[in-house]
Amino acid sequence: MGGIGCRCCRRRGWTWLSRFDGSIGPGGGDETGLLSICDPGILPAMSDQSPVVGIVMGSVSDAQTMRQCTAVLEQLDIPYELKVCSAHRTPKRADEFVSTAVERGLKVIIAAAGMSAHLAGVMAAGTHLPVLGVPMKGELMGGMDALLSTCNMPKGIPVGTMSMGSHGAVNAALFAASILALSDPELEKRLLAYRQAQTDAVPEYPPGA
Ligand code: AIR
């Protein structure tokens, strides 16, 4: 898996990924799927700050979009873990991820998948933790297939469904931050500062007006 155009780094205590280029096809990755788009030779030790957000994605092909999510989590200093888990192709891995989520200290799960996107639903079926679903746009139907599969959950097993693609990826991180900020006053301050900076960045008039 060397030379695939991405790398793992440690920054402020957690594992993160950079330079996703989406160039890897399905089937790539290590045995566990953990950070599988990275060169295992440079995988860092797992974070010394326990992840509170668990991100799962159905395929390495979702990684580039989900980089938008991890970038926001990093900005807000929220430790996360990330795994490629498919409800269809790697059901045992998905089950293992969700069934151990509480004991690993996760507080929120973000699940991203495209096409017939059952991953968020499988996560929600396996835990009482809040699950946020991010439908990937994919090649077919403009992502409507993933949107409907993610949001139309039967009553009893809710998935908080975000918008499609990168907007949903960013909003999943912000929604996770809002949930976590309820019991973390320092994170609440960071989230409010983020929102203020976002507001400040919006010009009152378009250029040239
Ligand atoms: N997928 C993978 N297993 C189950 C599903 N629904 C999704 C991935 C990806 C899409 O199928 O989340 O968005 C296409 O995957 P790939 O690996 O063929 O690029």
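**Close-up 1. Helix α4 and its neighbours.** The buried residues of α4 pack against β5 (108-113), α3 (119-126), β6 (131-135) and β7 (160-161). In this helix, which covers residues 144-151, the buried positions are Ala-146, Leu-147, Ser-149 and Thr-150. Here, buried means that 20 or more other C-beta atoms lie within 10 Å of the residue's own, exposed means 12 or fewer, and partly exposed is in between, with C-beta atoms placed from the backbone. Helices (H or I, at least four residues) and strands (E, at least two) are DSSP runs, numbered from the N terminus. The model is a predicted one: local features need pLDDT of at least 70, side-chain atom pairs count only at pLDDT 80 or more, and totals for chains, interfaces and linings use all residues. Residue numbers start from 1 along each chain as its sequence is written.

**Close-up 2. The whole chain, for orientation.** You will find 6 helices and 7 strands in the chain, in the sequence order β-β-β-α-β-α-β-α-β-α-β-α-α. Of the 209 residues, 39% are buried. Among contacts with a separation of 6 or more, 67% join residues 24 or more positions apart; a contact needs C-beta atoms, placed from the backbone, within 7 Å.

**Close-up 3. Helix α1 against helix α5.** α1 (residues 63-75) and α5 (residues 165-181) pack at about 25°, with axes 8 Å apart. The axes are lines fitted to C-alpha atoms, for helices over the stretch in contact, and angles run from 0 to 180 degrees between N-to-C directions. The two helices are therefore roughly parallel, a term for angles under 35 degrees, while over 145 is roughly antiparallel, 65 to 115 roughly perpendicular and the rest oblique. Thr-65, Met-66, Gln-68, Cys-69, Val-72 and Leu-73 of α1 meet a set of α5 residues including Gly-165, Ala-169 and Leu-174. Nonpolar covers Ala, Val, Leu, Ile, Met, Phe, Trp, Tyr, Cys and Pro, charged covers Asp, Glu, Lys and Arg, and the others, Gly among them, count as polar.

**Close-up 4. Met-66 in helix α1.** Met-66 sits in α1 and is buried, because 24 other C-beta atoms lie within 10 Å. Leaving aside residues up to four places away in sequence, Met-66 touches Ile-55, Met-57, Ala-112 and Ala-169. The C-alpha atoms of Met-66 and Ala-169 are 5.7 Å apart, although 103 residues separate the pair along the chain.

**Close-up 5. Helix α5 against helix α6.** Here α5 and α6 (residues 185-200) pack at an angle of about 140°, and their axes are 8 Å apart. Ala-177, Ser-178, Leu-180 and Ala-181 of α5 meet Leu-187, Glu-188 and Leu-191 of α6. This contact is made up of 5 nonpolar, 1 polar and 1 charged residues.

**Close-up 6. Two loop residues with positive phi.** Asp-77, in the loop between α1 and β4 (80-84), has a positive phi of about 60° although it is not a glycine. Asp-77 is partly exposed, with 15 other C-beta atoms within 10 Å. Met-115 lies in the loop between β5 and α3; Met-115 is not a glycine, yet its phi is positive, at about 60°. With 18 C-beta neighbours inside 10 Å, Met-115 is partly exposed.

Definitions and conventions. Two residues are in contact if their C-beta atoms, placed from the backbone, lie within 7 Å.
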